[in-house]
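Hi everyone, thanks for coming. Please take a look at the screen, and we'll walk through it together.

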Amino acid sequence: MTVIYRIQDRYGRGPWKPGFSRQWVEDREDLDNLAPMKVDINKVHLRNACGYAMGFGCKTTAELRRWITPGEYEKLKEFGYRAVRMKVDGILQEDDTQVLFERAFPLSHKVTVFKLY
């Protein structure tokens, strides 16, 4: 099993939601380096139809810190988000900043909160 690190709320939802990002993302010079991953939507639909939960995360805490600054993390905690680690069943796709993973459990189950900063 692979361990993944990510930021999520108690429901397992990450903070990159339409309209919400502007409430916590800082104006940073490196934002252009953190582009969303292009995914094969057919693969995602197929795996989801098989009952897997899917999400985006990082293979290391250092990679997660690249996405979220200390100031951003403090804002996210005010909204109920936490850094978590979880075991996943597989990596569907990856690039140099993130992975698309799948697991047999909902993203909100069997996670461990950890201190990101």
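How many helices and strands does the protein chain have? There are three helices and six strands, where helices (H or I, at least four residues) and strands (E, at least two) are DSSP runs, numbered from the N terminus. Read from the N terminus, the order is β-α-β-α-α-β-β-β-β.

A word on the background: this is a predicted model, where local features need pLDDT of at least 70, side-chain atom pairs count only at pLDDT 80 or more, and totals for chains, interfaces and linings use all residues. Residues are numbered from 1 along each chain as its sequence is written, and side-chain values use heavy atoms, leaving out hydrogens and water.

Now the overall shape. The C-alpha atoms fill a box of roughly 40 × 30 × 25 Å along the principal axes. Of the 117 residues, 38% are buried, meaning under 20% relative accessible area with a 1.4 Å probe, protein chains only. Contacts are heavy atoms within 4.5 Å. Among contacts between residues at least 6 apart in sequence, 78% join residues at least 24 apart.

Let's visit helix α3, residues 70-78. Which of its residues are buried? They are Glu72, Tyr73 and Leu76. These cover an arc of only 100 degrees around the axis, so they sit on the same side of α3; the arc is that of the directions from the helix axis to the C-beta atoms. And what do the buried residues of α3 pack against? Their partners are β1 (2-8), α2 (61-67) and β3 (82-88). Just after α3 comes Gly80, with a positive phi of about 95 degrees.

Definitions and conventions
Buried means under 20% relative accessible area, exposed over 50%, partly exposed in between (1.4 Å probe, protein chains only).
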